[in-house]
Amino acid sequence: MAVKEIMEALARQSVENKKLSELVKDIRLVGDKLELIFVLPNKSLESEIRDKAMTVLKEVEGVENFEIKFAPMGQPVQSPGFHKTRLSGIKHLIVVGSGKGGVGKSTVAVNIALALSKLGYRVGLLDGDIYGPSIPTMLGLKNQRVEVDKFNRIIPAEAFGMKVMSVGFLLPSEDTPLIWRGPMLMKALTQFLFDVKWGSLDFLVLDLPPGTGDVQLTLAQTVEIDGAIVVTTPQDVALADVKKAVVMFKEVGIPVLGVVENMAYFVCPESGNKYYIFGKGRVSNFALAYGLKILGSVPIEPAISETSDSGVPIVESSPDSQSAKAFLNIAKIIAEELERR
Ligand code: ADP
């Protein structure tokens, strides 16, 4: 659903020789509800404008939940745009994205969140992967379920001092597949952002679903995001897709904090030699070309996947490992950058 499409549809209706689009004062998304606010040239026109606007909105694809409101009389018409909502109580909302799956995005999100928590920040972690949530396993919360408080707010789970929410906590069992369409997915994510009792946090880390689809775009239009971290591996196939992710973040006005190069190299445990299995220098060339900072390079370490599977991420289980050090350093860079702004 785009502002342009709604405005074009409204321009096809008129009241008293004025196109409906000319009477729009504001359009905003509140959660998943679209609010359309009109100025009233004359009180007697209220029901006519409402009826016509409702007819129009029912026909615009993707607009299911909407409300028509009127601004107090005498207010000037401004050009409309989506209003992003800032999550209250959360100092910095950061998203972790990648062009494609399997590059270690969730691993990076979990370990950066944990590293921020180790640095003394209050941290929340939201698993945006609605179809294949892996964060419960990575944090040893496989059988965890969540409840709601008396105000119907979801009480998040806790792990290693962080507040955690994942759709996995709502499913009857780990093996239950989730068969939801796009709009449901969007609703779940916005609900997790707005209706989870996060409390006061310094950082909320949102592990986005992979790719550059509608979910990412709608999210970017709904909520104010302070920065994005993009994760890639050095292979050409991953780099080709991560470029799309960077362009998307830039287009929707989300500052890209930098790139995390995952699976950058392998250190032979016997000789200590570094092997750049997937190629050397490709990620730095890409970062240079797009004017991005490399936040850090994480080596291939079998312990990363072992610790993920066992529910104790590497930053917690082997803080002296190369990858844990890399994650801690990345967390420091992010915190400094966001606190500086
Ligand atoms: P994504 O979220 O991009 O789909 P995951 O974080 O689920 O990727 O990681 C995919 C697999 O790769 C997991 O088994 C994970 O443990 C493993 N993995 C990720 N990063 C590394 C790494 N640096 N070294 C070794 N294994 C890794």
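**View 1. Packing of helix α3 against helix α11 in a predicted model.** Helix α3 (residues 105–118) packs on helix α11 (residues 322–340) at an angle of about 70°, and their axes lie 8 Å apart. The two helices are therefore roughly perpendicular to each other (a term for angles of 65 to 115 degrees). The contact (heavy atoms within 4.5 Å) involves T107, V108, N111, I112, A115, L116 and K118 of α3 and F327, L328, I330, A331, I334 and A335 of α11. Ten of these residues are nonpolar, two are polar and one is charged. The model is predicted, with local features requiring pLDDT of at least 70 and side-chain atom pairs pLDDT 80 or more, whereas totals for chains, interfaces and linings use all residues. Residues are numbered from 1 along each chain as its sequence is written, and side-chain values use heavy atoms, without hydrogens and water.

View 2. Among the 15 residues around the ligand (a heavy atom within 4 Å), G102, K105, S106, T107 and P299 come nearest. An N or O atom in the side chain of T107 lies 2.5 Å from a ligand oxygen atom. A polar backbone atom of G104 is 2.9 Å from an oxygen atom of the ligand, and for a backbone N or O atom of V103 the distance to a ligand oxygen atom is 3.1 Å.

**View 3. The two domains.** The domain assignment gives domain 1 (3–70) and domain 2 (90–340). Their centres, taken over C-alpha atoms, are 38 Å apart.

How values were computed:
Domain bounds come from an automatic or database domain assignment. Axes are lines fitted to C-alpha atoms, for helices over the stretch in contact, and angles run from 0 to 180 degrees between N-to-C directions. Helices (H or I, at least four residues) and strands (E, at least two) are DSSP runs, numbered from the N terminus. Angles under 35 degrees count as roughly parallel, over 145 as roughly antiparallel, 65 to 115 as roughly perpendicular and the rest as oblique. Ala, Val, Leu, Ile, Met, Phe, Trp, Tyr, Cys and Pro count as nonpolar, Asp, Glu, Lys and Arg as charged, and the others, Gly among them, as polar. A polar contact is a pair of N or O atoms within 3.5 Å; within protein, one must be able to donate a hydrogen and the other to accept it, and residues adjacent in sequence count only if both atoms are side-chain atoms.
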